[in-house]
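I opened this notebook page to record what I looked up in one protein model. The entries go from the whole chain down to single residues.

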Amino acid sequence: MEMMSHIKAHSLRVCQVAELLTDLMAKAHILLNRDLVYAGSLLHDITKTRSLKTGEFHAATGDELLCEMGFPQVGAIIRQHVALDEYFVSAIPDEAEIVNYADKRVLNTDIVSLSQRMDYILERYGTNPEYRQRLRRIGKYAEKTEKRIFGLIDINPEQVGHICQ
Ligand SMILES: [Fe+2]
């Protein structure tokens with residue numbers, strides 16, 4: 001897919017955060033499919049480099065690609081990394097929610113707060129009022145997701161950056 005190196009580096013970092021959260025959830029006896037988190041987080045931006053030329057919506061086309069390759073579960077994670085199909089339908093976060101949240105804590109390769117990442121996303125992608133409104137809604141959901149995840153595990157959001165050196 002000729003992924004740009006900074007997108008690869010970003011994906012590795014998102015994977016690191018997603019795996020940390022998955023492991024901490026496991027410690028709290030909430031078992032997620034770790035392989036799925038691993039694949040979904042590493043591949044979440046698989047068509048992003050191409051999208052910069054084509055203008056395609058990379059969450060949708062990444063899903064299509066993985067479905068064509070025979071990995072629909074991974075595709076579903078990629079599809080939902082920008083916004084979840086549905087929010088909070090299950091009592092506990094699933095793999096897609098973890099990857100979605102992890103991506104919202106990583107700015108390039110830096111682990112930042114949710115608000116720093118959402119400010120960046122709004123600045124970069126909020127090119128018209130409709131997009132801005134949509135992104136603000138995604139940001140609000142991400143705040144709730146953060147509360148859901150950290151209500152279950154033993155660390156707070158600020159500690160993620162210290163642990164993932
Ligand atoms: Fe992305």
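**Entry 1: overall fold**

I am working with a predicted model, not an experimental one. I began with the secondary structure and found nine helices and two strands. Going along the sequence, I wrote the order down as α-α-α-α-α-α-β-β-α-α-α.

Next I asked how the radius of gyration of the protein compares with that of a compact globule. For 165 residues a compact globule would be near 15 Å, and the protein has 15 Å, so the two agree. The C-alpha atoms fill a box of roughly 45 × 35 × 35 Å along the principal axes.

I then looked up burial and found that 32% of the 165 residues count as buried. For contacts, I took those with a sequence separation of 6 or more; residues 24 or more positions apart account for 59% of them.

**Entry 2: the core**

I looked for the largest nonpolar core and found 28 residues in it. Which of its members touch the most others? They are Val-17, Ala-18 and Ala-102. I noted the elements that give two or more residues to this core: α1 (5-27), α2 (34-43), α4 (58-68), α5 (72-79), α6 (95-103) and α8 (129-150). The most come from α1, which gives six residues.

I followed up on Ala-18. Leaving out residues up to four places away in sequence, Ala-18 touches Val-37, Ser-41, Ile-98, Val-99 and Ala-102.

**Entry 3: helix α8**

Which residues of α8 are buried? I listed Ala-142, Thr-145 and Ile-149. They cover an arc of only 60 degrees around the axis, and therefore sit on the same side of α8. The exposed residues on the other side are Pro-129, Gln-133, Arg-137, Lys-140, Lys-144 and Lys-147. I also looked at what covers the buried residues of α8, and among the elements there are α1, α6 and α7 (114-125).

**Entry 4: Glu-143**

I looked up Glu-143 next, which is placed in helix α8. Is Glu-143 buried, exposed or partly exposed? I counted it as partly exposed, because it has 13 C-beta neighbours inside 10 Å, while the cut-off for exposed is 12 or fewer and that for buried is 20 or more.

**Entry 5: positive phi**

Most residues other than glycine have a negative phi. I noted two residues with a positive value.

Where is His-29? I found His-29 in the loop between α1 and α2. Its phi is near 70 degrees, although His-29 is not a glycine. His-29 counts as exposed because it has 7 C-beta neighbours inside 10 Å.

Asn-108 lies in the loop between β1 (106-107) and β2 (110-111). I read a positive phi of about 55 degrees for Asn-108, again not a glycine. With 11 other C-beta atoms within 10 Å, Asn-108 is exposed.

Terms used. Residues numbered from 1 in each chain as written. Predicted model: local features only at pLDDT ≥ 70, side-chain atom pairs only at ≥ 80, totals over all residues. Core = buried A, V, L, I, M, F, W, Y, C linked by C-beta atoms within 7 Å. Helix = DSSP H or I, 4+ residues; strand = E, 2+ residues; numbered from the N terminus. Contact = placed C-beta atoms within 7 Å. Rg over C-alpha atoms; globule rule 2.2 N^0.38 Å. Arc of directions from axis to C-beta.
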